[in-house]
Amino acid sequence: MPKSDSLQGSLDLLVLKILSRRARLHGYAIMSAIQNMSGEVLRVEEGSLYPALHRMEEAGWIRAEWITKDSGKRARMYELTAAGRKQLGTEESRWQAVTSAINRVLREA
Amino acid sequence: MPLWSRLANFLRGDRLNREIDEEFQSHIEEAIEHGRDPAEARKAFGSALRHREESRDIRLVAWLESLRADAVFGWRQLNKTRVTSLAAILSLALAIGACTSAFRLIDALLLRPLPVANAERLYDLSRQGIGPDNKPQTFDGWAYPDFQLMRAAVANQAELIAVSYAEPIDLTYKSDEETESAYLQCVSGWMFPTLGIRPALGRVFTENDDLMPGGHPYAVLSHDYWTHRFGQDPGVIGRTFRLGNTIYEITGVAEAPFTGTEPGTIVDIFVPIMMHPGVTRKDWTWHRTLFMPKPGALENDRAALESIRQKLQATSRAFEEERAKGFLGMRKEDIDHFLNQTLLLLPAATGVSSLQSETRRPLEILGVLVALVLLIACANVANLMTAQASARAREMAVRVSIGGGRWRLVQLVLLQSAWLALLAAVLGGLFAWWSGPFVVSMINPPDNPARLLLPADWRVLSFGLALALGVTLLFGLAPALRASSVNPVSGLKGGEDPHSRRRLMHALIAVQVAFCFLVLFVAGLFVTTFKRLSNQPTGFSADRLLVLDTVAKQPQSLEFWEQVAERLQSVQGVEKVALADEPLLGGGSWNNFISVNGAPPNGILSYMRAVSPGWLETMKVPLIDGRDFLPSDAHPGAALVNETFAKVYFDGLDPVGKTFDLSFDEGVRLRYQIVGLVGDVRYKSLREPILPQLYVPFHSVDATGATVKKTNGTLLVRTSLSSPLVLASTLRQEVSQARSEFRVSRIRRQLEINESHTVRERLLATLALFFAIVALLIAGVGLYGVLHYSVLQRRREIGIRIAVGAQAGGIARLVTMDVFSMVLFGAAAGVGLGMVSIRFIESLFYQVKATDLQMLALPALTILGGALLAALPAVIRAVRIDPVTMLRAE
């Protein structure tokens, strides 16, 4: 299993993408979403996810908000900001560029 | 992370921590809901969270808990790197121990107030003026009649107390054969009530015990003496002892902590000052004068104190002016210098003693040296901690990223430092406990076992604790703050710029080397001073020479003194015996001004000594011209003079056969004829320039021509034995058997007397050398640690270099170059430091110049050698790196 952040910025990209599809998720939901949608191939560890969320919040790409759940406990929900949406675009195109470059190498080598 | 948000995080750290906790908590619950194993879900966040979670609501408990956890963690960290930790602890222990020990000594001697009431209001009266050698001098000796006038003059405002210089005396509780030695101090009777010293037993003196000269043969024992001599026997009151020709009766024991007014001497017996033979003499300055303002009006009032001082000065000056009328043969300017002395009130809360004034500078210097050693040790530990911290950068990064508060990280690293400091402090304390008394034993001249109370009480304890705390902060705070400011992203990616860390370590190496150089440099100067001073030619031979201080019950005629000397001459193992008033270098001095051909004296004093025929041969002082004394020569009349005397008074011409005059009190002028010219000897000290010396016959006659009888004399015995003291008891017996009136009060080797003049130098040299070795050792360990670390860090690079064919020499250069340039830089800084600081201690040197190339080269070479040695293991390690294993391992 590949390490989640073995490729520069891939974790950011995954989180941003998931938040762009489904607004307001908490950390655990983001983690399971990545796991489910990658067909159990990608697994994000808590030790990587929360620092990443923290960093992206500092960078202004996502914002967090406390909500009260039905159980009365509070949970922290994340959603994409406008800046985040723009960043997602950048990251996506960068990803495309990188993967197609790699593919080209694989084909021609 | 930008600075502002870091700051903001720090300020709202607590809330942030709570929120992070809450978020993690909800994460865990969610995970459990989705069927994950609860334990495993928690584990994902590490133990820190678990601890916090368990005791979240009780903040203090949480903090204590975290403290405990960090302490345990710190301990494990130390254990993980056992060798480095041990090196750090030992070097720190040595430094802390040395510091505490130095403090103990300085505190006991210089800082601790006397255990008397109102010690802070005690002053010592002293006079400052221009001495006969035209140099400023201060002296705190007084004549008792002068004291009495001064006491009467300020009776309403202050109390004056006379205390003699404490000295060892011989006394006996039974017969003369069983004399023992004790420290005696003559004190004003009213000292006890004035200083609030109560009796532990019997009664202490009052004003009424000090009325008539020689009229109060009573004694008060110190508690210490009562304990070790009499086992606290209450029956001691009323017992008598004989001292000289007087029988004293013990009236009481002073309460425990008071042992006299001289730190460094524990007085055994106090007697009233009126019992001193000098109380009626106007020309003997033999006691100190302590001053205490009366309670009330004067407290802390400088103006009032100044007015008293002026009154005292005026009184004393009037006394001396009266006395100066009898000064004949003294130059007017010398008399003026003498009269124009300024009276000083010097604070004496800590007591006054010659040990204090003699060792103040050396102790201060040792204090500084020891502090430097401590700084070197701190730099060392800081370096080792920094190296460790780099290995923990990842750990720190994870801690920060999962929300570990920065304070918490500081605490974590500081606690590890605290462990180091604590262990070092305990070890250091043991070291100090042992070394304090050891150093005191070194200050003492061997035959004069002065004692210093070295209590290990709260003062020393709190100093030690403050030191440990300060040290923790000093070497722990920088790495702690550094660790806590780790940037999680770069930290997790593989560490921040490794060079920044190395730069810090290199700077610390330079600092260490600079300090180390300074310590070595100063040590070298002191060692050379000691060597030069003790190799100083004395002009006589001290080998196998015994000095017998001898007393007689009543004044005895010369004939009897000679009988005793002759008796000793026949003892097996004795080569030659002579008589003198006092030994050379024994401390006593007798001097006078000389006038040649009736001309006024030139202001240069001549030292005098009274010696018997044969003294020259016994002392092995060369006779250059003329003859030795004959039995028929007498004082006044014949004289021997030394070469300096001939130079000063006879322009270097042969003075044999010439005459000169000496002036004595009451205008008596006596004429002497020079019968012999002899070599210069060291008379009073090893340092001062040689003064003119003259010898008169031991045989002296009074104005009518009758022989003067003498009570005191010194027998000088040249033996054929390499350890002459084995003859001591035989000689003692022989003296008393020759004439029962005579008794030897003290036997010393002349060598011992000579050595007592280099005690301070020996102390400084030995301790400075010890600290230099410690400093070198610690700095060496530090250097080794840094190089070791840098090789570890660069092993990949080195591996590649070796793989592409770098030579061993190249690798060695690569590894050591930075550090060695730091060593050179540090040494250069050390030279600068040395040149600046040497100015403050120059007065303690003897025939040594700080700018001597040799004095600079030696420490520099030593440090360089030490550095090479310390670098060797790391270089070998670097050269031996196997590129294949290395590159594969990474």
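So, let's start with the sheet: in chain A, 3 strands make an open sheet, ordered β1-β3-β2, with antiparallel pairing. The edges are β1 (25-26) and β2 (62-68) of chain A, and each of those pairs on one side only. When I say two strands pair, I mean DSSP finds at least two bridges between them.

Before I go on, this is a predicted model, so local features need pLDDT of at least 70 and side-chain atom pairs count only at pLDDT 80 or more, while totals for chains, interfaces and linings use all residues. Residues are numbered from 1 along each chain as its sequence is written, and chains are lettered from A and ligands numbered from 1 in the order in which they are written.

Back to the sheet. β2(A) and β3, residues 74-80 of chain A, run antiparallel over 7 bridges. In that chain, A:Glu65 sits opposite A:Met77 in β3(A).

Zooming out, chain A has 4 helices and 3 strands, and from the N terminus they go α-β-α-α-β-β-α. Those are DSSP runs numbered from the N terminus: helices are H or I, at least four residues, and strands are E, at least two.

Now over to chain B. Where is B:Tyr165? B:Tyr165 is in the loop between β3 (158-164) and β4 (167-172) of chain B. B:Tyr165 counts as partly exposed because 16 other C-beta atoms lie within 10 Å; buried takes 20 or more other C-beta atoms within 10 Å, exposed is 12 or fewer, partly exposed is in between, and C-beta atoms are placed from the backbone. Finally, B:Tyr165 and B:Cys186 are 21 residues apart in sequence and 7.9 Å apart in space, C-alpha to C-alpha.
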